[in-house]
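The entries follow the order in which I went through them.

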Amino acid sequence: MNDSPGWATPGSAPSDGQEAAIPRPSEPKDTGAPTGQWSPEQPPPGQWSPPSNPGSGPGTRPPASGWGGGPQHPGWAPKPPAAKPRVIPLRPLGLGEILDGSVSALRAHWRTALGFSLAVSVVVQIAVVLMQRYLLPRPTAIDPNASGTEALRQASEYLRTTLFSLAPATLLALIAMLFTTSVVTVVISRSVLGRPVTLTDAWAEVRPRILPLIGLTLLVMLMLTTVMTVSIGPGLLVGAEAGAVLALFGLVVACVLTPWLYVTFALASPALVLERQGIVAALRRSAKLVRGAWWRTFGILALSQLLALLLSLVVSTLLVVLMAIGDAVGIGDFPEAGAASLSWPFLIITGIGEVIVSTLAYPFLAGVMALLYIDQRIRREALDLDLARAAGLPGHDTDTARS
């Protein structure tokens with residue numbers, strides 16, 4: 001027997017020890033009518049008309065399922081939308097909200113984010129162009145008629161010189177992306193709260209974290225390079241058919257471990273900047289946040305990288321058209337200069353293309369990583385409540401939260 005208020009069945013017996021406290025109806029009078037029939041003394045018939053809106057008149061009850069359009073229990077009301085101080089709602093985010101939030105934050109703070117990214121990209125590309133023109137060796141030419149051992153030697157020499165030429169440009173690109181990522185992370189964190197941010201404010205917050213960020217980037221690159229070397233190196237040293245099979249197996253292992261490490265530690269940079277974590281602590285923090293959501297994190301990062309790649313392809317296509325036009329009007333022999341002489345027109349046009357891609361892609365990718373970090377903390381640590389209090393939203397002040 002359930003004695004809870006509002007849940008007792010009509011006509012049920014009271015609980016033990018409560019007979020005296022509960023009034024009982026008087027015993028029915030003997031009317032002389034046979035048992036089980038209506039009493040001859042009935043009230044006069046009443047007039048009844050159906051209500052104009054069924055389910056809304058007095059004395060009616062809402063449908064049991066809440067689907068009939070009538071009044072519903074307060075607990076059945078739809079959940080109110082999450083607060084949205086600026087670029088994202090303060091709740092777990094979907095894929096579209098993360099991508100759109102990154103673009104919205106960059107649009108709202110384009111002077112800070114895109115202006116800084118443009119300045120860094122221009123400086124880096126000028127350095128790359130000068131190194132390619134005057135310092136770095138030209139890629140070794142390959143004789144198409146070579147065969148056997150000579151063809152393998154030429155291919156190996158071409159690969160070595162190409163990697164040596166790309167290494168400085170890759171390092172400078174990583175440094176540029178590091179600086180851009182750090183500033184954009186601060187811009188995103190302020191934009192989520194609906195607060196303005198200037199380049200001076202962002203740089204003042206990022207500057208003490210630059211050296212730890214460089215150390216974090218180098219450590220992650222060292223781990224990825226070590227995985228590739230340990231996986232593929234033994235097969236290359238053995239040579240012959242057995243070495244080729246071993247190298248192929250190592251390549252498969254590297255293709256599995258490298259993305260796993262990259263995604264696992266993808267949120268280390270936002271943790272290092274926003275939580276003032278050390279290098280090792282930031283790596284552990286990222287691994288903890290990604291744990292249980294690796295595939296989701298991988299999918300979002302892969303899609304954002306694909307969008308950046310599509311942007312690069314569009315810009316590259318436009319550059320090819322410009323090169324063809326320039327070659328047609330005699331500005332420069334671009335097909336020959338591309339690999340052999342690296343003429344100034346070729347270097348300048350490709351440098352402009354790299355600046356465009358870097359200026360737009362680096363902040364976008366950095367924004368996606370920062371919002372992924374915020375989303376994982378919302379899902380695991382209820383960061384949305386702290387963000388709402390920090391944004392000063394009604395009903396989320398400190399006193400209300402404590403009560």
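For burial I use relative accessible area: buried means under 20%, exposed over 50%, and partly exposed in between, with a 1.4 Å probe and protein chains only. The model is predicted, so I note that local features need pLDDT of at least 70 and side-chain atom pairs count only at pLDDT 80 or more, while totals for chains, interfaces and linings use all residues. Residues are numbered from 1 along each chain as its sequence is written, and side-chain values use heavy atoms, with hydrogens and water left out.

Entry on Thr264. I looked up its burial and found a relative accessible area of 8%, so I recorded Thr264 as buried. Thr264 lies in helix 6 (residues 240-264), where helices are DSSP runs of H or I with at least four residues, numbered from the N terminus. Leaving aside residues up to four places away in sequence, I listed Ser286, Ala287, Val290 and Trp294 as touching Thr264, contact being heavy atoms within 4.5 Å. I also noted that a polar atom of the Thr264 side chain lies 2.6 Å from the backbone oxygen of Trp260.

Entry on the cores. A nonpolar core here is a set of buried Ala, Val, Leu, Ile, Met, Phe, Trp, Tyr and Cys residues joined through side-chain atoms within 4.5 Å. The largest one has 47 residues, and I found the most contacts inside it for Ile188, Val192, Ile374 and Leu387. Helix 11 gives the most to this core, with 16 residues. For Ile374 I listed Ile88, Ile188, Val192, Leu383 and Leu387 as touching residues, again not counting those up to four places away in sequence. A second, separate core has 28 residues, including Leu178, Val187, Ile210 and Phe265.

Entry on aromatic rings. Rings of Phe, Tyr and Trp (its six-membered ring) pair if their centres lie within 6.5 Å; planes under 30 degrees apart count as stacked, over 60 as edge-to-face and the rest as tilted. I counted six aromatic pairs by this rule. The centres of the Phe116 and Trp203 rings are 6.3 Å apart with planes at 35°, so I logged the pair as tilted. Because Phe116 lies in helix 2 and Trp203 in helix 4 (residues 199-206), this pair ties together parts that are 87 residues apart in sequence. Phe116 counts as buried at 14% relative accessibility, whereas Trp203 is partly exposed at 29%. The rings of Trp294 and Trp295 have centres 4.8 Å apart and planes at 85°, so I logged them as edge-to-face. Trp294 is buried at 17%, and Trp295 is exposed at 66%.

Notes. Helix = DSSP H or I, 4+ residues; strand = E, 2+ residues; numbered from the N terminus. Polar contact = N/O pair within 3.5 Å; in protein donor to acceptor, adjacent residues only side chain to side chain.
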